[in-house]
Amino acid sequence: MTPEVKEKIDNLVTKNKIMVFMKGNKLMPQCGFSNNVVQILNTLGVPFETLDILDDPEIRQGIKEYSNWPTIPQVYIDGKFVGGSDILIEMYNNGELKQLVEVALAS
């Protein structure tokens, strides 16, 4: 990963309370896993930003190195990597995600 790609990811993760690196965008997810994440965040009614990794091959590869996580989507809350679709579903179902999001948005 180039220093420029790392800086771009750093900026996106730190400037957005909830940042999702996904296939497609929040209006048109391009895979089921990305759609799951969008639906969960929409259900919580929280603001979030997305970046379509299909539009940027450097970010597509760089985000995997950045998080040391091999799959997309990747969700960052308050600058910290939370996980992908399966982890978000689990956290949503047990109430952890709502609490994490509320704390992040209040800070």
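The face of α5 turned away from its buried side carries Gln99, Val103 and Ala106, which are exposed. This is a predicted model, in which local features need pLDDT of at least 70 and side-chain atom pairs count only at pLDDT 80 or more, while totals for chains, interfaces and linings use all residues. Residues are numbered from 1 along each chain as its sequence is written, and side-chain values use heavy atoms, with hydrogens and water left out.

Some terms. Buried means under 20% relative accessible area, exposed over 50%, and partly exposed in between, with a 1.4 Å probe and protein chains only. Helices (H or I, at least four residues) and strands (E, at least two) are DSSP runs, numbered from the N terminus.

Which residues of α5 are buried? In this helix, residues 96-106, they are Leu97, Val101 and Ala104. Seen down the axis of α5, they fall within an arc of 65 degrees, so they line one face; the arc is that of the directions from the helix axis to the C-beta atoms. Their cover includes β1, α2, β3 and α4, where contact means heavy atoms within 4.5 Å.

Now the salt bridges: a side-chain nitrogen of Lys or Arg within 4 Å of a carboxyl oxygen of Asp or Glu. The whole structure has four. In α5, Lys98 pairs with Glu102 at 2.8 Å, and the two are four residues apart, about one turn. Asp78 and Lys17 meet at 3.3 Å, N to O. Asp78 is in the loop between β3 and β4 and Lys17 in the loop between α1 and β1, so this pair ties together parts 61 residues apart in sequence.
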